Amino acid sequence: QVQVVESGGGLVQAGGSLTLSCAASGSIFSLNAMGWYRQAPGKQRELVATITKGGSTNYADSVKGRFTISRDNANNTVYLQMNSLKPEDTAVYYCNAAVVVSWLDGYEYDYWGQGTQVTVSS
């Protein structure tokens, strides 16, 4: 079984910063791409940033230049450094991990964390 756990959410004023962490654990043969998604009330879940095992990144246009995604492969952990936060960044942030659990299978499964609330006040 694979577990994905986020931490680091909270309340911050506009212009401030937060760092989110996400650790994957359990039966992991290979941890591939990881990413952050968010969902605000009344809106669809949207991609924030992703990072491949090799370090290639992709960002939503709304966060480019403000957010940075990184990972620590040795600890199966991904981070999201959020700077210059805006009220519109308020959402529940979810961590996603693409995991191969068995070398026999080789199939990639997506696992999701429980979400962590980020609230940016004006």
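## A tour of the model, from loop to core

Start by selecting Asn76: at 23% relative accessibility it counts as partly exposed, because buried would require under 20% and exposed over 50%. Keep in mind that what you have open is a predicted model.

While Asn76 is selected, look at where it sits: the loop between strand 7 and strand 8. Its phi is positive, about 50°, although Asn76 is not a glycine.

Next, pick Ser84, in the loop between strand 8 and strand 9. Ser84 also has a positive phi of about 50° without being a glycine. With a relative accessible area of 41%, Ser84 is partly exposed.

**Into the core**

How many residues does the largest nonpolar core have? The number is 30, and those with the most contacts inside this core are Trp36, Leu80, Met82 and Tyr93. To see where the core comes from, color the strands: those giving two or more residues to it are strand 1 (2-7), strand 3 (18-26), strand 4 (30-39), strand 5 (46-51), strand 7 (67-72), strand 8 (77-82), strand 9 and strand 11 (116-121). Strand 9 supplies the largest share, 5 residues. As general background, nonpolar side chains in soluble globular proteins tend to be buried together.

Center the view on Met82 and show its surroundings. Leaving out neighbors within four places in sequence, you will find Met82 in contact with Gly16, Ser17, Leu18, Leu20, Arg66, Phe67, Tyr93 and Val118. Tyr93 in that list is also one of the residues with the most contacts inside the core.

From there, move to Ala49 in strand 5. Ala49 is buried, its relative accessible area being 0%. Setting aside residues up to four places away in sequence, Ala49 touches Gly35, Trp36, Asn58, Tyr59, Ile69 and Leu80; Trp36 and Leu80 are again among the residues with the most contacts in the core. If you like distances, draw one from the C-alpha of Ala49 to the C-alpha of Lys64: the two are 9.0 Å apart in space and 15 residues apart in sequence.

**The disulfide**

Show the cysteine side chains next. The count of disulfides is 1, and it joins Cys22 to Cys95, with 2.0 Å from S to S. Cys22 belongs to strand 3 and Cys95 to strand 9, so the pair ties together parts that are 73 residues apart in sequence. Look along the S-S bond and you will see a left-handed link, at -85°. Are its two ends buried or exposed? Cys22 counts as buried at 0% relative accessibility, and Cys95 is likewise buried at 0%.

**Salt bridges**

Time to display the charged side chains. The model has 4 salt bridges by count.

Then go over to Asp61 and Lys64, which form a salt bridge with their closest N and O atoms 3.1 Å apart. Asp61 is exposed, with a relative accessible area of 65%, and Lys64 is partly exposed at 48%.

**Last stop: a nonpolar patch**

Finish on the surface. Select Phe29, Trp103 and Leu104, which make a nonpolar surface patch of about 440 Å². Leu104 sits in the loop between strand 9 (91-100) and strand 10 (108-112). Is Leu104 buried or exposed? At 66% relative accessibility, Leu104 counts as exposed, because the cut-off for exposed is over 50%.

Methods:
Residues numbered from 1 in each chain as written. Predicted model: local features only at pLDDT ≥ 70, side-chain atom pairs only at ≥ 80, totals over all residues. Heavy atoms only, no water. Patch = residues over 30% accessible without salt bridge, like charges linked within 9 Å, V, L, I, M, F, W, Y side chains within 5 Å. Areas by Shrake-Rupley, 256 points an atom, 1.4 Å probe, with all protein chains shown as cover. Helix = DSSP H or I, 4+ residues; strand = E, 2+ residues; numbered from the N terminus. Buried < 20%, exposed > 50% of the residue type's maximum accessible area, 1.4 Å probe, protein only. Core = buried A, V, L, I, M, F, W, Y, C linked by side-chain atoms within 4.5 Å. Contact = heavy atoms within 4.5 Å. Disulfide = S-S within 2.5 Å.
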